[in-house]
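Let me put the thing up on the screen, and then I'll talk you through it.

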There are 2 protein chains.
Amino acid sequence: MLDINFLLDLAIILISTKVLGLLTKKIQMPQVVGALIAGLILGPTILNVVHETAFIDKMAELGVIGLMFIAGLETDVKEMKKCGKSSFVIALLGVLIPLGGGFLVAIAFSDTPLSAMSQIELLKNIFIGVILTATSVSITVETLREMGKLKTPTGTAILGAAVIDDIIGIILFTIILGFADPSIGVMSILIRILLFFVFAIIIAIVFNYVFKHLSDKYVQKRRVPIYGMVFCLMLSYVSEKFFGITDITGAYLAGIIISNVNQSDYILGKFEVLSYMLLSPIFFASIGIKTHITGISSNLLIFTTLLLLVAILSKIIGCGLGAKLTGFTNENSLKIGIGMISRGEVALIVAGKGAVAGLMSKVFFVPVVIVVIVTTLLTPMLLKLVYKRDTISNIEKYSS
Amino acid sequence: MLDINFLLDLAIILISTKVLGLLTKKIQMPQVVGALIAGLILGPTILNVVHETAFIDKMAELGVIGLMFIAGLETDVKEMKKCGKSSFVIALLGVLIPLGGGFLVAIAFSDTPLSAMSQIELLKNIFIGVILTATSVSITVETLREMGKLKTPTGTAILGAAVIDDIIGIILFTIILGFADPSIGVMSILIRILLFFVFAIIIAIVFNYVFKHLSDKYVQKRRVPIYGMVFCLMLSYVSEKFFGITDITGAYLAGIIISNVNQSDYILGKFEVLSYMLLSPIFFASIGIKTHITGISSNLLIFTTLLLLVAILSKIIGCGLGAKLTGFTNENSLKIGIGMISRGEVALIVAGKGAVAGLMSKVFFVPVVIVVIVTTLLTPMLLKLVYKRDTISNIEKYSS
């Protein structure tokens with residue numbers, strides 16, 4: 001007979017992620033932070049009531065696939081094209097500098113000197129940098145919207161850069177993961193990635209047409225999001241199975257392909273329900289459930305602190321420099337840099353995938369989770385600080 | 001590394017249940033029939049491309065829990081109270097006569113004579129009757145709505161009876177399942193069921209209050225359906241774990257408890273998305289995937305035919321008699337009897353649960369699926385036939 005303990009696991013995960021999410025929301029933090037903390041509490045670190053099972057792993061995988069599909073669906077390709085050069089430069093420097101910074105921190109704490117490293121050791125160190133590249137712009141967007149600053153030039157630049165940043169990040173991540181399989185030569189990895197890009201372009205052209213047609217013909221019909229689901233699952237599967245490209249890249253691509261059809265908001269709405277009602281809480285909780293914090297060594301503590309500092313400064317410097325180079329004032333460049341600090345689910349997704357692929361020791365989950373939480377908390381505070389002067393001068397202007 | 005074949009399984013299940021569901025819809029049949037056929041095609045009987053796995057079993061369980069929760073949410077307790085006596089008599093006879101009929105068919109095909117049967121053999125025969133009790137009124141409702149006959153006295157009687165029928169059916173089913181566990185004595189089963197009813201009443205009072213409060217306070221907030229989900233999972237778990245009452249009874253109860261709060265439609269909407277986007281297709285397909293039709297014996301063929309006849313006639317006679325006894329004319333009693341013929345997901349749910357509990361051999365899946373499909377197809381045709389005269393006489397009346 002079917003063991004129904006998984007029902008209890010799900011109930012515990014859903015209630016605790018929601019309640020803690022609401023608590024963190026109450027103190028102006030995103031709910032993701034609460035969900036992460038819920039996982040840590042349920043896992044071996046504290047209560048040890050929910051354990052990693054094959055079922056939870058698969059549900060978490062569906063959760064992360066759903067999140068990446070949603071991220072793809074929310075990508076505003078037009079916005080990205082509009083901001084063009086400026087956003088691209090901000091995004092590129094905002095990826096390269098954290099990548100380099102994370103890599104340097106990792107090397108500093110590595111037992112092996114750089115010259116003696118094997119390919120996999122080198123990749124592991126680069127991977128720490130990769131984790132630092134992904135911006136989670138949702139917190140910034142919410143903060144800016146609250147302050148009425150979303151439609152300013154700095155707001156638009158941040159939005160555009162965050163989109164491009166995600167795409168560069170996922171390409172980088174895909175390449176690094178490709179190299180992580182020791183059984184395959186460098187040349188064949190590059191060919192595989194190249195083939196995937198060719199495949200992606202063909203699929204994008206064909207299925208963008210297919211979904212445009214479906215979306216126009218079957219307005220508000222259930223079949224449209226269901227076909228979207230099937231497309232997302234298939235692309236995730238094919239990416240990983242036939243090209244060795246991680247499934248979430250396929251899911252993200254599927255989302256981007258459908259993002260500009262007429263009913264993309266309708267499809268998005270259905271996926272959001274699926275995600276928040278069941279799948280994404282399992283994903284976020286599973287990170288904590290997999291993480292076992294037992295007596296952090298002082299070495300790891302220093303590593304965490306350093307990684308955190310680099311995570312914050314490298315985005316401010318990288319994105320700020322990009323903004324400055326494309327004509328923003330010093331003040332606005334600082335705003336843009338600060339708006340790009342926060343890391344969110346993408347950093348966790350990348351870390352999780354890396355751990356599964358053997359690119360990251362589970363020990364590093366703790367620093368990564370801390371980086372995500374702290375940068376997420378810090379961003380709205382710093383944003384309010386730098387935009388405050390703005391508001392005051394506005395008030396002064398109006399009152400004069 | 002995580003084996004991602006489950007992504008492909010899900011994609012195949014979702015696309016095939018949807019496409020076949022749309023095909024059956026096109027020929028005026030409910031989509032459930034298409035989804036069932038999809039499962040049969042994917043399973044060992046025909047293509048053998050999707051196999052039963054622990055993951056699919058658990059997802060299917062979540063699917064059936066979701067369906068029963070939705071059924072509970074859709075229960076109109078007020079409507080039931082309003083129709084009162086008439087609906088109750090129709091439902092009661094509409095349960096007892098199919099129960100007796102199915103039992104007799106099962107006994108006729110049993111190898112053991114009735115006098116020599118063990119308790120479990122007896123239960124197995126009764127169980128065939130239990131499967132025949134559950135009415136699936138959705139097809140009737142759709143047909144009547146199309147013909148503009150839903151708000152007639154016969155339409156109201158059918159609706160009310162179908163609700164009570166479901167409740168009697170699930171109580172019966174719960175009792176039979178309780179007896180199926182050979183390790184427990186009859187007395188302790190009865191006590192357990194009694195305790196469950198006490199528990200159910202207390203939970204109903206407390207949580208109806210809690211959800212009314214939540215529903216009024218947090219209008220259109222995500223937390224409300226999430227708490228509903230948690231409540232449904234918890235009640236499913238507790239029912240089975242602590243009372244030995246099958247989890248779907250708990251899910252159904254959870255739905256009824258929340259059915260009359262202000263935002264029950266909002267909650268229902270979210271669960272419908274969860275259900276049709278992912279969970280219920282897996283449940284329906286899993287029935288076919290578990291069913292292996294290989295050379296049906298002539299004996300099983302006769303059994304199927306007889307069971308089908310009994311399924312149809314026992315509802316017409318039982319419900320028709322109930323209607324007649326409570327004052328309906330012969331013609332209207334026939335309409336009510338015909339409106340109650342169709343079996344649907346509940347019969348499949350009961351059969352599936354029975355198979356897991358050792359109350360039904362998997363061989364009987366085929367007859368049950370056939371009964372569900374044929375009764376579902378027949379009901380709208382017969383309804384159109386008996387209501388046709390009505391429409392013609394109405395037209396005559398108006399044109400005169």
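So, what rotation superposes chain B on chain A? Keep in mind that this is a predicted model. The rotation is 180 degrees, with 0.0 Å of shift along its axis, and the RMSD comes out at 0.1 Å. The two copies are therefore related as by a two-fold rotation axis. If you want to find that axis on the chain B side, look for B:Leu274: its C-alpha is the nearest one in chain B, 2.7 Å away.

Now, which surface does each copy use? Of the interface residues of chain B, 100% are also interface residues in chain A, so the copies meet through the same surface. In terms of contacts, 47 residues of chain B go up against 47 residues of chain A.

How much area gets buried there? It's about 4,900 Å² between the two chains, and carbon and sulfur atoms give 80% of that. On the chain B side, the residues that lose the most area to chain A are B:Lys58, B:Tyr276 and B:Met277, and together they make up 13% of what that side buries.

Between chain B and chain A the count is two salt bridges. One that I can point to joins the side chains of A:Arg222 and B:Glu272, at 4.0 Å from N to O.

Where does the chain B side come from? Four helices of chain B each supply at least two residues: helix 1 (5–26), helix 3 (54–74), helix 9 (223–243) and helix 11 (264–290). Helix 9 gives the largest share, twelve residues. Sort the residues on that side by type and you get 33 nonpolar, two polar and twelve charged.

One last stop: B:Ser275, which sits in helix 11 of chain B. Is B:Ser275 buried or exposed? It's buried, because its relative accessible area is 8%, and the cut-off for buried is under 20%. So what does B:Ser275 touch, leaving out residues up to four places away in sequence? The list is B:Leu67, B:Ile70, B:Ser280 and B:Pro281. Take B:Leu67 from that list: B:Ser275 and B:Leu67 are 208 residues apart in sequence, yet their C-alphas are 7.2 Å apart in space.

Methods
Residues numbered from 1 in each chain as written. Chains lettered and ligands numbered in written order. Predicted model: local features only at pLDDT ≥ 70, side-chain atom pairs only at ≥ 80, totals over all residues. Heavy atoms only, no water. Contact = heavy atoms within 4.5 Å. Buried area = accessible area lost by both parts, 1.4 Å probe. Nonpolar A, V, L, I, M, F, W, Y, C, P; charged D, E, K, R; others polar. Buried < 20%, exposed > 50% of the residue type's maximum accessible area, 1.4 Å probe, protein only. Least-squares fit on C-alpha atoms with pLDDT ≥ 70 in both.
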